[in-house]
Amino acid sequence: MNRDVRRIKTSSNSEHCDISARQPLPVSAQYQRTVRRSELRQMVPLADTTIYEMERRGDFPRRFNLTARCVVWDLAEVETWLAERRLASEQAQIKRAPSPDVRQRKTRPVKSPVSS
């Protein structure tokens with residue numbers, strides 16, 4: 001029997017179809033890499049709640065469920081998001097948070113400068 005030609009019985013009828021006659025899928029369509037939350041945390045050092053909030057606003061790639069208990073993100077989408085964020089940071093499009101005013105602290109107050 002020739003191993004290159006495999007036949008599969010289709011569910012709609014009793015005819016057989018030749019798999020080798022099909023056009024091969026592009027590499028990206030054949031294998032889509034996903035990451036789970038633990039691997040995502042290593043790639044994106046943000047808290048889970050921050051990621052979920054950004055997803056809700058549409059600022060981060062959306063997760064999807066593989067099963068009822070398994071949530072994953074598309075690796076290509078996350079890597080694209082990281083590249084976009086890096087580019088935006090280099091172009092100074094991302095505003096930095098202002099530094100806190102330490103003079104307003106209730107504990108460990110800042111000592112006033114010594115006058116001479």
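## Salt bridges

A salt bridge is a side-chain nitrogen of Lys or Arg within 4 Å of a carboxyl oxygen of Asp or Glu. In this predicted model, Arg 57 and Asp 59 form such a pair, their closest N and O atoms being 2.9 Å apart. Arg 57 counts as partly exposed, because its relative accessibility is 47%, and Asp 59 is likewise partly exposed, with a relative accessible area of 36%.

The structure holds six salt bridges, and among them is one in which the side chains of Arg 41 and Asp 48 meet at 2.8 Å, N to O. Here Arg 41 is partly exposed at 41% relative accessibility, and Asp 48 is partly exposed at 23%. Another of the salt bridges joins Asp 101 to Arg 103, with the closest N and O atoms 2.9 Å apart; Asp 101 is partly exposed, with a relative accessible area of 32%, whereas Arg 103 is exposed at 67%.

## The two sides of helix α3

Helix α3 runs over residues 48-57, and its buried residues are Ile 51, Met 54 and Glu 55. An α-helix has 3.6 residues a turn, so residues three or four places apart point the same way. On the other side of α3, Thr 49 and Arg 56 are exposed.

Just after the helix, Gly 58 takes a positive phi of about 90°.

## Glu 55, a buried residue of α3

Glu 55 has its place in helix α3, and it counts as buried because its relative accessibility is 3%, where buried means under 20%. Leaving out residues up to four places away in sequence, Glu 55 touches Phe 60, Pro 61, Arg 62, Arg 63 and Trp 73. With one of these residues, Arg 63, the side chain of Glu 55 makes a polar contact, side chain to side chain, at 2.3 Å.

## The largest nonpolar core

The largest nonpolar core has 11 residues in all, including Ile 51, Met 54, Phe 60, Trp 73 and Trp 81. At least two residues of this core come from each of α3, β5 and α4, and α4 gives the most, with three residues.

Trp 81, a residue of this core, is in contact with Val 44, Leu 46, Met 54, Asp 59, Phe 60 and Pro 61, once its neighbours within four places in sequence are left aside.

Methods: Residues numbered from 1 in each chain as written. Predicted model: local features only at pLDDT ≥ 70, side-chain atom pairs only at ≥ 80, totals over all residues. Heavy atoms only, no water. Buried < 20%, exposed > 50% of the residue type's maximum accessible area, 1.4 Å probe, protein only. Helix = DSSP H or I, 4+ residues; strand = E, 2+ residues; numbered from the N terminus. Contact = heavy atoms within 4.5 Å. Polar contact = N/O pair within 3.5 Å; in protein donor to acceptor, adjacent residues only side chain to side chain. Core = buried A, V, L, I, M, F, W, Y, C linked by side-chain atoms within 4.5 Å.
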